[in-house]
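Open the structure in your viewer and keep the selection panel at hand.

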Amino acid sequence: MTGNSADVSFGGKTVELPTRSGTIGPDVIDIGTLYKNTGAFTYDPGFTSTASCESKITYIDGDEGVLLHRGYPIEQLAEHGDFLEVCYLLLYGELPTKTQKDDFDYRVTHHTMVHEQMSKFFTGFRRDAHPMAVMCGVVGALSAFYHDSTDITDPHQRMVASLRMIAKMPTIAAMAYKYHIGQPFVYPKNDLDYASNFLRMCFAVPCEEYTANPVLSRAMDRIFILHADHEQNASTSTVRLAGSSGANPFACIAAGIACLWGPAHGGANEAALNMLAEIGSVERIPEYVAKAKDKNDPFRLMGFGHRVYKNYDPRARIMQKTTHEVLGELGIKDDPMLEVAMELERIALTDEYFIEKKLYPNIDFYSGITLKALGFPTTMFTVLFALARTVGWIAQWNEMIEDPEQRIGRPRQLYIGAPKRDYTPVSKR
Ligand code: CMC
């Protein structure tokens, strides 16, 4: 690679490929003309060396453990901002002025109700359905309820759909939870902030007054901030790919939710908490660390490792602090899971296997303990992730639609199946 180009030699031919530089981060080699000029594709399963798009939204330096949204470090946003402020930042590119913030809060707050007919939709699910299954279905169904915001060529409709999704996701998530546990749905309340409103919709019952605890609301809000966006991860790429065909935004977000569900992605917080429960006591940690290191054992330490972070996940540090704040507020002094988690972290961080492979705790390692303390069952953990990530998905989706270089996403393949052969009738096989 020299200056602003890179030479690739293939089949006796050398082609010069242009390179591009971002504001920060590695340069990219633009391989758009490679096939035309050499007849070869590139091969990169898992996209470990492939930038799929340009983006101005989120930047991660995995080696240094840095996460920036529109240039602002996650630590500063989580410490000083609130979730709707971060939503505004992700969507519009700048932090809002006071007037802009008030207006945005008002618009989101006044979109939190869902069409009453949607409540009937929930009852079509079995009571024991996983709430993520319900989320996939109900969020996809939004496109059947809000026809006036599905024209993706109209910027106004795109913004209405964006606000609708940010506003309605807590209501739908809380409804999924209430349906799951057999309690009546609780309607949103406009005088509450985003996080308090969500906690109330989850934990209030008609027979009692509900008072939001500001420490727990702040913790919930911070958890939302920490999950708001994370660059071109699997679910975001899914949303972009689904959107690249021109699909409506509600359908695209439903696709993102489906992808997030997997245990290697958003499902890891549920898996991490289940793992801590299974380990049970500090004495059993060495047994599980040995299992994680054993090549013949598929077991992995859930909440450890990350495709991009080869350093401590900056979100995990903030999450750990939030965990302590929540447990302190609730008077939970000797939580056995927290004890196992802290000791497991200590052992793993000093173990040669984890050091060599640069496996550090990720956000999911501590989020499960916090969410459990807040009162959520493990099945809701990924739902909360989906709720918070919706703004990231929708911001990335908007960016993609507005990108003049955007085309339908269509990866190629290295075909390793049978070459052309002739059909033989069944009697001759
Ligand atoms: N425990 C034990 N060994 C591990 C772990 C782990 N959690 N993670 C990776 N390794 C080993 C892996 O066996 C491999 O070893 P070798 O080189 O000897 O084959 C090496 O580290 C590299 O792993 P990889 O699977 O090639 O790395 P990846 O980038 O494809 O996977 C990951 C990243 C997050 C899927 C993986 O680290 C993992 O499965 N972690 C546990 C699940 C988890 O916590 N996921 C949450 C991710 S953060 C939230 C989100 O963004 O969704």
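This is a predicted model: local features need pLDDT of at least 70, side-chain atom pairs count only at pLDDT 80 or more; totals for chains, interfaces and linings use all residues.

**Stop 1**

Select residues 58-61, 66-69 and 72-73, which are strands β4, β5 and β6. Together these three strands form an open sheet with antiparallel pairing, in the order β4-β5-β6. β4 and β6 are the edge strands, each pairing on one side only.

Start with β4 and β5, whose antiparallel pairing runs over four bridges. Which residue of β5 is the bridge partner of aspartate 61? Valine 66 is that partner. Four residues lie between the two strands, which form a hairpin, and in the turn glycine 65 has a positive phi of about 70°.

Now colour β4 by face. Thr58 and Ile60 make up its covered face, while Tyr59 and Asp61 are on the uncovered one.

Move on to the other side of β5. Here β5 and β6 are joined by two bridges, again in the antiparallel sense. Show leucine 68 and you will find proline 73 of β6 opposite.

**Stop 2: two loop residues**

Select arginine 70, in the loop between β5 and β6. Its phi is positive, near 50°, and the residue is not a glycine. Most residues other than glycine have a negative phi.

Then select phenylalanine 47, in the loop between α1 (34-38) and β4. Phenylalanine 47 also has a positive phi, of about 50°. Is its side chain's residue buried or exposed? Phenylalanine 47 counts as exposed because its relative accessibility is 56%, and the cut-off for exposed is over 50%.

**Stop 3: the nonpolar core**

Select Phe198, Met220 and Phe376. Among the 111 residues of the largest nonpolar core, these three touch the most other members.

Now centre the view on phenylalanine 376. Which residues is phenylalanine 376 in contact with, leaving aside its neighbours within four places in sequence? They are Phe198, Leu199, Cys202, Phe203, Met220, Leu371, Phe381 and Leu384.

**Stop 4**

Select Leu84, Asp193, Tyr194, Ala195 and Asp221. Of the 16 residues lining the second largest pocket, these are the closest to its centre. The volume of this pocket is about 240 Å³.

Next, show helices α3 (83-92), α4 (98-109), α8 (194-203) and α9 (214-226); each supplies at least two residues of the lining. Coloured by class, the lining has seven charged, five nonpolar and four polar residues.

**Stop 5: the largest cavity**

End with Ile223, His227, Asn269, Leu371, Phe381, Leu384 and Phe385, which line the largest cavity. The space in this cavity is about 30 Å³. How many cavities of 30 Å³ or more are there? The count comes to one.

Helix α18 returns here, with three residues, the largest share of the lining. By class, five of the lining residues are nonpolar and two are polar, with no charged residues.

Key. Residues are numbered from 1 along each chain as its sequence is written. Side-chain values use heavy atoms; hydrogens and water are left out. A nonpolar core is a set of buried Ala, Val, Leu, Ile, Met, Phe, Trp, Tyr and Cys residues joined through side-chain atoms within 4.5 Å. Buried means under 20% relative accessible area, exposed over 50%, partly exposed in between (1.4 Å probe, protein chains only). Contact means heavy atoms within 4.5 Å. Two strands pair if DSSP finds at least two bridges between them. On a 1 Å grid over the protein atoms alone, a cavity is a set of points where a 1.4 Å probe fits but cannot get out, and a pocket is an open set with protein on both sides within 12 Å along at least five of seven lines; lining residues have an atom within 4 Å of a point. Grid points are joined across faces, edges and corners, and a volume is the space filled by probe spheres set on the points. Ala, Val, Leu, Ile, Met, Phe, Trp, Tyr, Cys and Pro count as nonpolar, Asp, Glu, Lys and Arg as charged, and the others, Gly among them, as polar.
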